[in-house]
Amino acid sequence: MAMGSGTGRVVPPLTVRMARASNPRGTAAMWVRDRLDELFIDEDFADWYPADGRKGLTPARLALVSVLQYAENLTDRQAAEAVRCRLDWKYCLGLELDDPGFDFSVLSEFRDRMAQGDRADRLLAVMVDHLVAAGLVKRRARVRTDSTHVLAAVRRLNRGELVAETLRTALEELAEHGEEWLARLVTQGWADRYGRPVRYDRLPHGGDALIAYVLKVGEDGMHILRAVYRDDAPPGLRDLPAVQVLRQVWVQQYWYDGDGQLRWRGPKSTRDRASRRATEQRNTGKTKADGRPDPASARVPWSSMEIVTPHDPEARYSQKVTAAGQRDWIGYRDHQSETYDSPGPNVIVQVVTRPAPEQDIDALDRIHQGLTTQGFQPTEHVVDGGYVAPDSIHRTEQQWGIRLLGSVRDDPRASERSGFAKEDFHIDWQARTLTCPRGVTSPPWKPTLGDGHPRLSVLFPRKACRNCDNRLQCTGNVDGHRELVAAARKELPDVPVDENLLGRLRYVAETSCAGLQVLVTRDPGLGRLADVAWEIARVKVASPAAVTMHVDELRQAQVYRPADLMGTAFSVEEVEPGSEGELVAFFDQAGDDSGPAFAERLRELSRGGVLWRRELLRDGEGRPVALYVWALDGRTLNVPILRTATHALEETLARQLLFLLKRLGREREAQAVTIEDPYVSAAAMEAAGADGFIEGEGGLTALLVDVCGPAEVVSEAAGDIAARMGCAAPRLASGASAEIASVAERMLWPAKLIDTALPSFIAPVKPRWSTELFNVPAMLVPRDDVLGISREHVYYRSSGHRRESVPARIIWYVSDDASRPAGHGGDRLLATGRGTHR
């Protein structure tokens with residue numbers, strides 16, 4: 001059905017006379033027409049309807065009827081009757097007195113259209129703009145935000161019901177799109193199990209019987225998934241929404257053990273906490289901190305990721321403590337923001353819908369970003385305690401210029417603990433120091449990271465703290481190396497726990513407390529404790545010789561942490577036309593590239609004859625953190641803009657973006673990557689120097705030498721590319737040392753040298769682990785490869801203690817028999833990567 005149209009812009013004279021005569025003072029519906037004229041116009045709904053087809057009712061009128069219906073709390077039948085019979089509604093809608101109205105079912109169909117995508121949000125923004133123009137809403141007014149739970153229109157399922165109902169739903173959708181294909185797969189007993197909706201009272205009773213049932217359902221589901229992912233399956237079946245939900249639910253609820261047997265995952269062992277997502281848990285009996293199922297413990301994921309119903313895959317289970325007690329629900333969490341200024345009405349101007357488990361404080365930046373995009377600049381933002389923390393108050397003031405008002409949550413256990421509190425320490429913001437209750441002043445504090453957010457680290461003089469009589473009141477623990485002792489006993493059972501061992505462990509603990517990550521020592525005893533130091537305290541113990549050999553790697557280990565990006569919500573999107581001005585505030589500019597000039601550069605790149613790709617990287621909270629523009633010019637990948645914003649992982653993102661650009665160039669058979677941005681960010685400039693980019697008059701250039709061969713052949717290929725680019729390439733000699741070869745391969749990536757001292761090791765890997773590491777054979781769940789981050793990339797390039805001595809190359813191949821040499825019986829060569837030789 002195509003979009004209908006109607007006049008309605010002028011209220012018919014007879015309708016005006018009759019409405020005024022019967023309602024001299026007017027009604028709420030008439031006031032809407034008088035103050036706001038047309039609240040909606042048909043052009044606001046242009047993309048809701050196809051261009052062809054039978055003309056329907058005007059959507060502007062249906063939207064206004066929906067507003068009036070909600071205001072008076074009417075059913076669809078009552079609202080349709082009001083359109084036919086009430087004079088004030090006809091006046092508001094601009095209808096003739098003899099207009100017959102419409103059938104009540106049209107309203108539900110209109111709401112179905114409005115529920116798609118972000119249409120409801122855009123419609124609310126149009127309404128708010130009219131209210132602002134009428135003077136009923138001020139963009140600089142106070143704003144108040146609170147959250148409420150939104151129930152999904154589904155019933156609660158236990159895990160047995162979930163898997164069976166998910167498979168039944170997938171079978172119904174497959175039968176609709178490929179009935180003949182599905183008929184060949186259905187086996188005896190499927191009609192009894194999946195012929196009707198699954199209910200708890202129809203499931204087997206007893207633990208063993210229920211486990212046998214869900215494993216049978218799991219095998220049936222795998223039978224369907226294997227068939228739908230075969231090459232001879234009808235196209236499009238694997239992309240059906242119900243099939244994708246089936247695949248995800250099976251990954252979350254089942255796993256294959258080491259013998260290849262399908263198993264039922266255990267229940268969740270911990271609650272989801274944002275502070276744990278970037279922390280590796282040392283107890284392998286718990287679910288991994290990134291929310292994904294842990295094969296070692298075979299647990300289902302946390303509520304933030306677990307699908308709980310196939311009928312609304314985005315709905316999540318959550319709990320919330322309210323004044324009325326604890327409430328749990330399945331659905332979503334709504335954050336509603338309204339104007340909060342007198343005189344004048346309180347009007348909801350923004351609604352942000354988030355997953356139910358996401359806490360209020362995690363949605364705060366998204367709320368402020370939405371308000372800013374709509375043009376609101378509230379002077380004060382009133383919220384409840386769920387949105388408030390000292391960090392959020394400071395960040396809101398600094399980043400958005402908004403004063404956050406709300407009650408800061410108290411520590412419920414503060415009265416149970418004796419000792420000093422934060423209030424007992426005096427802060428000198430000018431000198432950047434703290435003074436403790438005993439009068440000891442710290443040196444100036446230093447910036448650091450905590451839970452992935454910027455923090456300030458304050459260290460008091462060690463001598464003053466050791467001799468302090470109130471140390472127990474200050475720290476609560478004067479013997480803080482017990483975890484190190486326990487780990488040392490487990491790792492080195494033959495070493496006695498004496499004063500020597502305790503002294504070394506105390507040295508490791510003090511190094512960690514000082515905020516350092518590398519401990520250089522000649523003590524062989526500390527060297528034996530290297531694994532314990534790294535596992536417990538994240539301190540890397542190294543010898544002076546190792547530091548000399550790997551000083552560059554140790555420096556980069558502080559800032560380059562690709563593992564920190566695994567499991568995060570970074571996303572890449574195209575820069576929308578017209579949004580260039582919004583990006584100015586996020587990326588530093590200088591000189592002729594400041595403010596409007598920077599935005600104009602972005603616009604020019606979208607209007608030129610070259611097809612430039614303008615890509616924006618956002619973090620999990622929606623904030624822009626990186627911007628890059630690229631296009632292929634012959635055999636060169638040109639990058640006129642490359643910027644990174646201030647972020648806790650800025651250095652890591654800069655390194656990864658450079659790798660991503662190299663990979664884009666190689667995939668498009670380019671021979672070089674040129675960064676022409678004269679105002680490239682400092683983090684990207686430093687990363688480019690470490691990753692082999694050559695600085696010249698035209699900017700930064702990286703050579704892409706896609707050659708595997710002797711040093712002479714690689715040097716010749718690199719020289720040809722360098723001559724074309726107007727720069728110099730390193731000359732490599734046969735038999736070069738492993739260190740030189742390793743650096744050369746990084747500079748000339750993806751080149752591989754075969755006649756140097758860089759040792760190579762052939763390593764067989766079982767198919768199960770090759771799937772996890774290299775996605776060969778391909779897994780059912782497509783790997784998230786945003787930013788070029790993948791498991792093998794983290795495996796090779798993450799920092800960590802491995803007692804490195806000489807760089808090496810590892811050649812992986814798939815094999816079920818480690819004793820059989822490569823190349824026999826269908827073995828498959830996977831990849832080569834950098835390793836270390838001890």
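Predicted model: local features only at pLDDT ≥ 70, side-chain atom pairs only at ≥ 80, totals over all residues.

Reader: Which residues of the largest nonpolar core touch the most other members?

Author: They are F40, F45, V65, V83, W89, F102 and F110, in a core of 43 residues.

Reader: And which elements supply at least two residues each?

Author: Those elements are α2 (28-36), α3 (59-72), α4 (76-85), α5 (87-93), α6 (105-114), α7 (119-133), β6 (348-355) and α13 (364-373). With six residues, α3 gives the most to this core.

Reader: What is V65 in contact with, leaving aside neighbours within four places in sequence?

Author: V65 is in contact with A79, V83, W89, L93, F102 and L107.

Reader: What does the second core include?

Author: This separate core has 35 residues, among them L182, L185, V217 and L246.

Reader: Turning to helices, how do α11 and α12 cross?

Author: The axes of α11 (residues 207-228) and α12 (residues 241-253) come within 11 Å, and they cross at roughly 130°. The two helices are therefore oblique to each other. The crossing in which α11 passes α12 is left-handed.

Reader: Which residues meet there?

Author: From α11, the residues are V217, G218, G221, M222, I224, L225 and V228; they meet V243, L246, R247 and W250 of α12.

Reader: How many of them are nonpolar, polar or charged?

Author: The contact of α11 with α12 has eight nonpolar residues, two polar and one charged.

Terms used. Residues numbered from 1 in each chain as written. Heavy atoms only, no water. Core = buried A, V, L, I, M, F, W, Y, C linked by side-chain atoms within 4.5 Å. Buried < 20%, exposed > 50% of the residue type's maximum accessible area, 1.4 Å probe, protein only. Helix = DSSP H or I, 4+ residues; strand = E, 2+ residues; numbered from the N terminus. Contact = heavy atoms within 4.5 Å. Axes fitted to C-alpha atoms, helices over the stretch in contact; angles between N-to-C directions. Parallel < 35°, antiparallel > 145°, perpendicular 65-115°, else oblique. Left-handed = near helix turned anticlockwise from the far one by under 90°. Nonpolar A, V, L, I, M, F, W, Y, C, P; charged D, E, K, R; others polar.
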